[in-house]
Amino acid sequence: MPVTIRDVAAASGVAIGTVSRALNGYPDVSDATRERIKQVADELGYAPNQTAQSLSSKRVRNIGIFISGFLSEEVFNDFDIMLLRGSFKAALDYGVNISLHLINSEIQEQKSYDQLCYECGVAGAMLFGLKTTDPYCTTLSQSERPVVTVDIPLKGERTGCVLLDDRRAEAEAAQYLIDRGHRKIAIVHGGEDAAVSIERFAGIKDAYQANGIELDPALSIYTDFTHDDAAAKVERFLTEHGAEDVTAFLCMSDLIAIGALRTITRMGYRVPEDFSVVGYDGIELTKFTSPPLTTVNQNVRDKGYAAVRLLCDMLAGDKDPQTVTLSHTLIERGSVRKLL
């Protein structure tokens with residue numbers, strides 16, 4: 001296995017950033033430290049990654065955004081747009097070139113992450129849209145080029161991650177409904193193999209357990225995270241169960257919640273008089289639904305910005321790979337009725 005900058009740092013007794021600065025001629029490293037690091041690098045046979053080295057020395061600055069599963073979505077939703085806006089803002093601030101590439105599970109089977117970076121001409125990439133069943137979830141740990149995933153933490157010497165504490169955030173959303181007297185809550189899931197769905201469902205179970213509420217599997221609705229699928233599944237649910245079985249819909253994304261709102265209204269019910277609805281994401285569209293949607297705002301632009309910033313810092317050797325957890329807020333609007 002090739003010697004990495006982490007190996008040189010460990011053998012030299014210094015931080016990875018110090019090794020990077022020493023080997024790239026930065027003046028803030030003493031001559032003695034620089035010589036010791038160079039000697040250790042030579043003894044170990046360390047060969048610097050030329051792409052990353054050129055990036056840190058400001059000669060070539062190419063990074064990528066890899067979106068997995070994009071073609072499975074029917075629309076380019078607000079979440080994607082907000083994430084990309086934050087990402088491109090960070091690229092401008094850091095003075096790097098950023099390119100967008102669409103991949104899927106099949107491409108992940110055919111090409112390693114390192115190969116994909118090489119073919120796309122990028123030193124590293126921000127990667128989002130991964131499912132827990134995707135090949136990269138098991139192969140990224142062996143990658144030589146830095147990567148920052150969004151919403152799905154993966155182990156690896158060059159793998160960072162930016163995410164929200166989805167479990168805690170969804171627990172707060174569930175508790176918000178419980179505090180307003182709701183006990184018969186339909187849970188509208190995203191994809192069963194989506195990491196965020198798994199974490200958010202765990203948060204709901206935490207809130208239920210804390211309040212002594214039994215989880216009813218019959219009140220779970222599974223969707224593919226799209227607006228239309230949510231609308232169809234909620235319609236089927238209401239047709240089978242009727243209004244007496246549920247008082248609220250707790251949705252794992254805003255697009256799902258908007259689909260639920262559309263169906264509820266079309267079937268002659270009212271929000272929040274007949275059913276309360278809570279979303280998750282904080283996309284702009286939630287301000288303009290009727291009524292405006294109560295939702296968890298996960299600051300999606302900040303997520304995109306933080307991911308690109310972390311990637312640039314990793315490539316420059318200024319930061320080790322790490323998991324960055326961003327804050328969230330619950331936005332109260334008119335889609336929830338208090339029953340107590």
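How many aromatic pairs does a search of the whole structure find? The search returns five, where rings of Phe, Tyr and Trp (its six-membered ring) pair if their centres lie within 6.5 Å, with planes under 30 degrees apart counted as stacked, over 60 as edge-to-face and the rest as tilted. This is a predicted model, in which local features need pLDDT of at least 70, side-chain atom pairs count only at pLDDT 80 or more, and totals for chains, interfaces and linings use all residues. Residues are numbered from 1 along each chain as its sequence is written, and side-chain values use heavy atoms, leaving out hydrogens and water.

One of the pairs is Phe 237 with Phe 249, edge-to-face at 6.0 Å centre to centre and 75° between the planes. Phe 237 belongs to helix α11 (residues 227-241) and Phe 249 to strand β8, so the pair ties together parts twelve residues apart in sequence; helices (H or I, at least four residues) and strands (E, at least two) are DSSP runs, numbered from the N terminus. Both Phe 237 and Phe 249 are buried, that is, under 20% relative accessible area, with exposed meaning over 50% and partly exposed in between (1.4 Å probe, protein chains only). Tyr 269 and Phe 275 form another edge-to-face pair, at 5.1 Å and 75°. Here Tyr 269 is partly exposed at 24%, while Phe 275 is buried at 0%. Ring pairs link these four residues, Phe 237, Phe 249, Tyr 269 and Phe 275, into a cluster.

Now to the sheet. Six strands form an open sheet in the order β7-β6-β8-β9-β10-β12, with mixed pairing; two strands pair if DSSP finds at least two bridges between them.
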